[in-house]
Amino acid sequence: MFTRYSPFLLFFFLLCFFNEAAGQQFTVSGFIKDSTNGESLPGATVQVLHSTNGVHTNNYGFYSITLPAGNYILLYSFLGYESKAVALNLDANITQHLQLYPRSYQAKEVVISDKRKDANVKSTDMGRVELTAMEVKKLPALMGEVDVLKALQLMPGVQAAGEGNAGFYVRGGGADQNLILLDEAPVYNTGHLFGFFSVFNADAIRSTTLIKGGMPANYGGRLSSVADISMKEGNSKNFQGEGGIGLISSRLSFQGPLKKDKASFIVSGRRTYVDVITKPFINNTSYKGSGYYFYDLNVKMNYIFSDRDRIYLSGYLGKDVFSFNNQDRSFDVKIPWGNTTATLRWNHVFNRKLFANTSLIYNDYKFQFSALQNNFDIRLSSGISDMNLKTDFDYYVHVKHHIRFGGNYIYHTFTPSTISGQQDSTRFSPENVFKKYAHEAALYIMDDWEISPRLQLNVGLRYSGFMQIGPYTRYYRDAAGNKTDSTVYRRWQPISRHGGFEPRFILRWSWNDVSSVKASVTRNYQFIHLVSNAGTTLPTDVWVPSTYLVQPQISWQYSAGYFRNFSNNMYEASAEVYYKSLQHQIEYKEGYTPTFNDPEQDFVFGKGQAYGLELFVNKRKGRFTGWLGYTLAWTWREFPALNDGKRYPAKYDRRHDLALVGTYELNKRWTVSGVFIYGTGNTTTLPEKFYFVEGTLVQGFGSINSYRLDAYHRLDLSAIYTPVSKKPNKRVKGSWTFSVYNVYSRKNPYFIYFDQQGSAIDGTLKVSAKQVSLFPVLPSVTYNFKF
């Protein structure tokens, strides 16, 4: 559809080239799971002892390793679990499923003399961060709301979008340049309460993986990063529940077997009750009926039909509802917005070497606004919805080669700013000429190739294509912006096409077991864009596609790093440098005022640069764990139509970023943790002069982002108290989480405004800058329970 050349020709060439070496060989394959709940363990290591050969399980816990006939000891390991050694006489193909025990469940530790093959040094991963829900729950949280996205903000190269905000920027990219997936479904708006909390309920999350450099070829559609969030699969052995009661919200989850060791489910919900708490106080006022709340619902089921087939069905529904009612003025406003996702996945093992996952994905984001005053009713809506079909294959050619290939197709529907209204019997319903439709498709192939024990290469090629289609009416305009002519496109009729190849290249060189250097070059296309007129992602921002006017964003990213482990892999350390060039960046033109016209007419286009240094030290073992992350970075933008064409720092240009995170297990009852953050102040545009026009004070602004706010810093502390029951078989077990946000009540700048006092007529006029800070010291307490 998009090109007559297919990367799959390369795949068939590789199959011929990577034939197994001479001599009889056999394959060991299977699934690795958690012994306590039956959930798969993605990323677990299967290593041949006394050799450098080894593989990792894929996202569904499947592995395959092919070796010459002989006797072997395979070591199965996963972080936080007891390793297990299995002796095999490999004289035929073997199916070897395995369950690993969490350390807290294992009575006697098995000691293996060989060290675990460590991914930090040995893999080709660059800029990759993995966090479990258990790790995130130990960290201090704003108002007790545990948040996986805010935990990612503590990593080098990742910046928070603002004070307490769940949005983030990665290596100089915008908020829309992050691909955020929940069980493979893209989530277009990740924030509750206008971005202060994320939509991800930690009780429903199994793991979170962030890739900010060296993005492999199986991911695409964004320039900066991938945050791949996986939901729990549900306990296939026992029924259990958990939840929590906090100051502003409560949550409750249930999981268990539908058929023991064959099928399981999980249902997890969360809701705030600010509206319920404030209701008695406003019922006797003119604001009766005003309030705000949000809720989340996560559901997942899976069924194992056989050793070869497994089905997953997962879904998410989240919504924010804000309402404001002023009875004195007969004014009523309602603003609901939210996400809906659904994913149906089928895992199939074709043979011991070929694994496939096919997914059918639906996602929908909607924003609505309605206002009623007297007899006048106005409504506004916007959103984006997708239907996505994708398939991914894992082909384990040889112990040295792990080939992945696949493709996906997405049908997009964009609804930017549709308005309607009514007054008495008169209806205002203009034609919806701005609704847009598009096809997006991609094919990819990649090979993780261990050339030698010292040299490993991950090379991939991706082709992405995008096509805007009808129905649509294209208007032609003169220099003044007036419509002069139009072209009407029928349903499915092509309007514009975009596409190109995206090579991905990652190289790892290690000269011993504890050190390596890595380098990567990646190219990315992005066909859909979130154009924002604010510093953070708000629900009023709209997603727009690439069209005949809007070109796709393109980036090249180059990165290199040194990786080193210390003290028998207790400490992981890395130093990475990166450079990123950005083409076809989008901003609103100067003096832009939001309207209900097609927003494309108000876009301007330019380019960008980002480069920096990231340092990371992580302690992963022992009673004390934590990390230190530091980023030195520069981010620039250059638009011919902005700032007189001169280069200026982006709004998320921040010279220094420091995060210090620590967790200490005092004893069986108490675990304490702390987070300290320091960051250079955000850039901003401020007025440099004031003058009068017909008696009105007018501000004259300086160059774009030519000023910086004060530096940002904050200390958060938390403590978890878990009572030790005298009854070990007690059904309900609880813990208390005490958290303090902004311990020393730092007044961090959120924004600056100018206050006008006095009069220019009598010479008493004074204009002064005022700084707004959001959060003073905020203590919170949450009761968590399991049964």
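Visitor: Which strands form the open sheet, and in what order?
Guide: In this predicted model, five strands make up an open sheet in the order 9-16-17-12-13, with mixed pairing. Strands here are DSSP runs (E, at least two residues), numbered from the N terminus, and two of them pair if DSSP finds at least two bridges between them. Residues are numbered from 1 along each chain as its sequence is written, local features need pLDDT of at least 70, side-chain atom pairs count only at pLDDT 80 or more, totals for chains, interfaces and linings use all residues, and side-chain values use heavy atoms, leaving out hydrogens and water.

Visitor: New topic: is His 402 buried or exposed?
Guide: His 402, which lies in strand 26 (residues 401–423), is buried because its relative accessible area is 15%, and buried means under 20%, exposed over 50%, and partly exposed in between, using a 1.4 Å probe and protein chains only.

Visitor: Which side chain does the side chain of His 402 join in a polar contact?
Guide: It joins that of Asp 394, at 2.8 Å; a polar contact is a pair of N or O atoms within 3.5 Å, where, within protein, one must be able to donate a hydrogen and the other to accept it, and residues adjacent in sequence count only if both atoms are side-chain atoms.

Visitor: What about Tyr 579, where is it found?
Guide: Tyr 579 is in strand 37 (residues 571–588), and its side chain makes a polar contact of 2.9 Å with the side chain of Gln 609.

How values were computed
Helix = DSSP H or I, 4+ residues; strand = E, 2+ residues; numbered from the N terminus.
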